[in-house]
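User: I am new to this structure. Please take me through it in short steps.

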Amino acid sequence: QVQLVESGGGSVQAGGSLRLSCAASGLSSSNCFMAWFRQAPEKEREWVATIRRDGIIKYSDSVKGRFTISQDTAKNILNLQMNALTPDDTAMYYCAASGLSCVGVSYWGQGIQVTVSS
């Protein structure tokens with residue numbers, strides 16, 4: 001059974017940095033992609049970044065240039081380095097993974113809170 005567990009969240013002041021990690025277990029080494037999403041209260045869940053097994057990386061415009069997604073394939077760990085954080089980055093952050101198909105998310109983590117104060 002696939003399990004995704006996020007860690008590394010917390011509170012930080014604007015301009016600061018946080019590093020999120022997602023430990024994946026039971027996930028095929030051939031799955032298409034892993035990704036980060038986030039959701040602020042009363043707002044829709046939004047996609048943040050994706051990293052594919054073929055090396056393609058994509059970021060949402062709101063985090064481009066500030067966030068870096070990476071993957072330790074040997075340990076099945078997904079990371080999100082977040083720099084120059086602003087209060088608009090405050091949200092619950094979710095780790096996500098596809099199956100072998102590239103068409104959508106198959107698995108979700110429980111989420112981890114990131115709070116950025118001004």
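User: What percentage of the 118 residues in the chain is buried?
Analyst: This is a predicted model. A residue counts as buried under 20% relative accessible area. In the chain of 118 residues, the buried share is 40%.

User: How many helices and strands does the chain have?
Analyst: Read along the sequence, the pattern is β-β-β-β-β-β-β-β-β-β-β. The count is therefore zero helices and eleven strands.

User: Which radius of gyration does the chain have, and why does it agree with a compact globule?
Analyst: The C-alpha atoms fill a box of roughly 40 × 25 × 25 Å along the principal axes. For 118 residues, a compact globule would have a radius of gyration near 13 Å. The chain agrees, because its own value is 13 Å.

User: What share of the contacts with a separation of 6 or more joins residues 24 or more positions apart?
Analyst: Contact means heavy atoms within 4.5 Å. Among contacts in the chain with a separation of 6 or more, residues 24 or more positions apart account for 53%.

User: Is Trp108 buried, partly exposed or exposed?
Analyst: Trp108 lies in strand β10, residues 107-108. Its relative accessibility is 37%. Buried means under 20% and exposed over 50%. Trp108 therefore counts as partly exposed.

User: What separates the C-alpha atoms of Trp108 and Ala96?
Analyst: Leaving out residues up to four places away in sequence, Trp108 touches Leu4, Phe37, Arg45, Tyr94, Cys95 and Ala96. Ala96 is twelve residues from Trp108 along the chain. Their C-alpha atoms are separated by 4.6 Å.

Note on methods: Residues numbered from 1 in each chain as written. Predicted model: local features only at pLDDT ≥ 70, side-chain atom pairs only at ≥ 80, totals over all residues. Heavy atoms only, no water. Helix = DSSP H or I, 4+ residues; strand = E, 2+ residues; numbered from the N terminus. Rg over C-alpha atoms; globule rule 2.2 N^0.38 Å. Buried < 20%, exposed > 50% of the residue type's maximum accessible area, 1.4 Å probe, protein only.
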